[in-house]
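Please open the structure in a viewer and keep the selection tool at hand.

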Amino acid sequence: MILYGAPNPAPNPRRVRIFLAEKGIDLPETRIDMMKREHKSPEFRAKNSMGQLPALELDDGTCISETVAICRYFDETNPEPPMFGVTPVEKALVDMWVRRTEFAVMTPVGNFWRHAHPRTAALLTQFKDFGESNKETYKGAQRYLNRELEGKAWLAGERYSMADICLLTTVDFAGWIGLPLEPEYEHLNAWHVCATARPSANA
């Protein structure tokens with residue numbers, strides 16, 4: 001089994017590393033050099049046709065990509081501790097918050113990264129006004145999360161889950177590209193302190 005990934009600040013490979021750390025699974029990551037565009041090579045596209053990281057190659061040659069799909073595989077093969085919920089309600093809430101994180105939080109962060117950050121200027125035609133407009137969209141997402149986290153230990157309830165991993169990697173990546181957490185959102189910041197304090201956050 002081979003896990004293909006990339007070092008920080010790449011948020012998606014980090015999601016899987018955090019997940020594996022929470023599970024206590026020791027699987028070394030085979031690094032793909034994104035700066036050299038190795039993830040876009042024909043050899044890697046044969047494993048993941050999207051040319052994206054991470055990807056998991058099983059012993060039988062099956063390749064799984066997309067972070068949540070990879071983590072679901074490991075949750076099925078190593079069920080303790082459960083990271084996608086236990087009861088039907090817990091499972092549904094984790095799925096709900098993973099989806100909300102990806103659409104409501106990661107979308108504006110990704111749009112800013114692609115269209116307003118100097119590191120991506122050579123990769124596509126940037127529409128900088130659009131990119132910059134996502135700063136306010138991301139602040140609005142933080143405001144929403146702050147309301148939702150009031151009185152809650154974790155995003156999907158009382159149990160640390162895949163939803164928290166998705167959110168942590170997103171807000172940390174956002175901070176790295178120049179979109180910090182707003183200090184006024186005390187519940188969101190308290191959640192971030194607790195998530196960052198977990199040993200897995202350093203994976």
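A nonpolar core is a set of buried Ala, Val, Leu, Ile, Met, Phe, Trp, Tyr and Cys residues joined through side-chain atoms within 4.5 Å. Buried means under 20% relative accessible area, exposed means over 50%, and partly exposed lies in between, with a 1.4 Å probe and protein chains only. The model is predicted: local features need pLDDT of at least 70 and side-chain atom pairs count only at pLDDT 80 or more, while totals for chains, interfaces and linings use all residues. Residues are numbered from 1 along each chain as its sequence is written, and side-chain values use heavy atoms, with hydrogens and water left out.

**First stop: the cores**

Select Met 162 and Trp 191. Within the largest nonpolar core, which has 48 residues, these two touch the most other members. Next, colour the helices α1 (11–23), α3 (67–77), α4 (88–116), α5 (128–149), α6 (162–176) and α7 (186–197), each of which supplies at least two residues of this core. Helices (H or I, at least four residues) and strands (E, at least two) are DSSP runs, numbered from the N terminus. The largest contribution to the core, 9 residues, comes from α6.

Which residues does Trp 191 touch, not counting residues up to four places away in sequence? They are Leu 149, Ala 153, Trp 154, Leu 155, Asp 164, Leu 167, Leu 168 and Val 171. Contact here means heavy atoms within 4.5 Å. A second, separate core has 7 residues, including Tyr 4, Ala 6, Phe 44 and Leu 53.

**Second stop: helix α7**

Now show the side chains of Leu 188, Trp 191, His 192 and Ala 195, which are buried. Viewed down the axis of α7, the buried residues fall within an arc of 100 degrees, so they line one face of the helix. The arc is that of the directions from the helix axis to the C-beta atoms. An α-helix has 3.6 residues a turn, so residues three or four places apart point the same way. What covers the buried residues of α7 includes α5 and α6. Turn to the other side of α7 to find Glu 186, Val 193 and Ala 197 exposed.

The structure holds 11 salt bridges. A salt bridge is a side-chain nitrogen of Lys or Arg within 4 Å of a carboxyl oxygen of Asp or Glu.

Select Arg 198 and Glu 22, whose side chains meet in a salt bridge (2.8 Å, N to O). The pair links distant parts of the chain, since Arg 198 is in the segment after α7 and Glu 22 is in helix α1, 176 residues apart. Arg 198 is partly exposed, at 24% relative accessible area, whereas Glu 22 is buried, at 16%.

Move to Asp 95 and Arg 72, where the closest N and O atoms of the salt bridge are 2.3 Å apart. Asp 95 belongs to helix α4 and Arg 72 to helix α3, 23 residues apart. Asp 95 is partly exposed at 37% relative accessibility, and Arg 72 is partly exposed at 34%.

Finally, select Arg 17, Glu 29 and Arg 31, which are linked in a network of salt bridges.
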